[in-house]
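Subject: Structure for you to look at

Dear colleague,

The structure we discussed is below, with notes on what was found in it. Please read the notes with the model open.

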Amino acid sequence: RQEQYRELRDKPCRTKDGQPVELMLNAGLVIDLPHIEDAGAAGIGLFRTELQFMVSTSLPRTSEQLSLYRTVLDAAGDKPVTFRTLDIGGDKALPYMDTIVEENPALGWRAIRLGLDRPGLLRGQIRALLRAAAGRALRIMFPMVTVVREFDEAKTMVERELTYLRQHGHTLPERIDVGTMIEVPALLYQLDDLFERVDFVSVGSNDLFQFLYAVDRGNARVTDRFDTMSAPILRALRHVARKGKEAGKSVSLCGEMASQPLGALALIALGYRSMSVNATAHGPVKALILELDAARIEAEMATWLDTPYDRVPIREKLTAFAA
Ligand code: PEP
Ligand code: MG
C-alpha cells in the first residue's frame, strides 16, 4: 500500500469528476517537515506552535521561536503554512509555567483567552512569526476564538507588531492572511460577522465536536457515545462551508475527522475542498479523493441531511457509498 501511495504523490489531488481538493498536513515539530515533500502535500494546514513550548524545559525565547518558524517556512518553500498561535492552558499545561487548577480546563483559561489576557507571550510570538516570514507569505490562525471581538483584538495585535517592525526597518512579510479556528459552537452563529473580518477559517472538529456534543474528548467513557459522523455535527460543518462560500472566504478543516477516509468523504460531501490531515493519513485520503465522484456524494449527503430522521446511521450510508 505504501508503494501505491507513493505513486499518487505527483498526481494532482482532484476528485474523479475533476474537482480540485487542497490536501495539506498537520505538523508541529521539525521532524514533521520532510513529510510535505514525501507526501506531495499542498502545504501545512495546521502548524501547532504549542508543541515547541511543550517539549521545552523553559519558555522558548523569541529568537528560538523565530528560528523554528523560519525552518518551517524554508521547508515548505512556495507552499502555504498556517501557523496557529499558542493553544496552551487548560489541559495543555507547560511545566515551567504556574499551573492554574481549574475545574473544567477545556472550558477554562486557554488558547486565545490566555493570549489576550497576558499579551506579552502572544505579542512575542506574533513578532517572531512576522520576522520569520520577511519577504514571504504568512498565515496566522487563532485558536479557540469564541466571539468576533476576540478575533478583532488578536488581529489588532498583529497590526501593532507590523507597525513596530516597519518603524524599526525590518523587512515585512510580502502578504499576511489572518484567520481563526472554528472550535466553539458560539462562532457558528456569528459567521456573517466573522467572515467579514477573517481571511480564512479552519474548523477544529476535535474541539467543535467536544463542545457541540458536551463530550470530553479525552474521556474514554464518553468519547464513543455519539457518532462523529451524524447529522448535528454534519449540519454544523455544512453551515460553515456554505457561509464561507457565500462570503468568498476559504474554509478548511484540520481536526481528526479529515484524517479518516470516511470523514474526508463526508467533508467532500459537505462542500469542503480543503483539509489538513496527519502525515500517515495523507496517502489513504488522497487515494479516496482520486476515486470519488464529488457531485454524486454531495447530492446524497444533501438528501440524508435534509430528510427526516432515518434510523440508518449516516456513517453506514457513507460506508456503503465508499464500498
Ligand atoms: C481541533 O480541535 O480539531 C484541532 C485541530 O486542534 P487541537 O486538536 O490541537 O485541539
Ligand atoms: Mg482544538
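A residue counts as near a molecule if its C-beta atom, placed from the backbone, lies within 6 Å of it. By that rule, and bearing in mind that this is a predicted model, ligand 1 is surrounded by L46, R48, D87, E183, G204, S205, N206, D207, C254 and G255. The shell consists of 4 charged, 4 polar and 2 nonpolar residues. Helix α9 (205–213) and strand β2 (44–48) each contribute at least two residues to the shell; the largest share, 3 residues, is that of α9.

Next, the core. The largest nonpolar core contains 83 residues, and L23, I44, Y69, L129, L267 and I268 have the most contacts inside it. Apart from neighbours within four places in sequence, Y69 is in contact with F83, A128, L129 and A132.

Helix α6 covers residues 119–132 and spans 20 Å from its first C-alpha to its last, close to the 20 Å expected. Its buried residues are L122, Q125, I126, R127, A128, L129, L130, R131 and A132. They pack against helices α4 (62–76), α5 (111–117) and α7 (148–167), and against strands β3 (81–84) and β4 (137–142).

L162 belongs to α7. L162 is classed as partly exposed because 17 other C-beta atoms lie within 10 Å, whereas a buried residue needs 20 or more. Beyond its neighbours within four places in sequence, L162 is in contact with L130 and L172. From L162 to G255, a residue of the ligand 1 shell, the C-alpha separation is 30 Å.

Regards

Notes: Residues numbered from 1 in each chain as written. Chains lettered and ligands numbered in written order. Predicted model: local features only at pLDDT ≥ 70, side-chain atom pairs only at ≥ 80, totals over all residues. Core = buried A, V, L, I, M, F, W, Y, C linked by C-beta atoms within 7 Å. Buried ≥ 20, exposed ≤ 12 C-beta atoms within 10 Å, placed from the backbone. Contact = placed C-beta atoms within 7 Å. Helix = DSSP H or I, 4+ residues; strand = E, 2+ residues; numbered from the N terminus. Expected span 1.5 Å × (residues − 1). Nonpolar A, V, L, I, M, F, W, Y, C, P; charged D, E, K, R; others polar.
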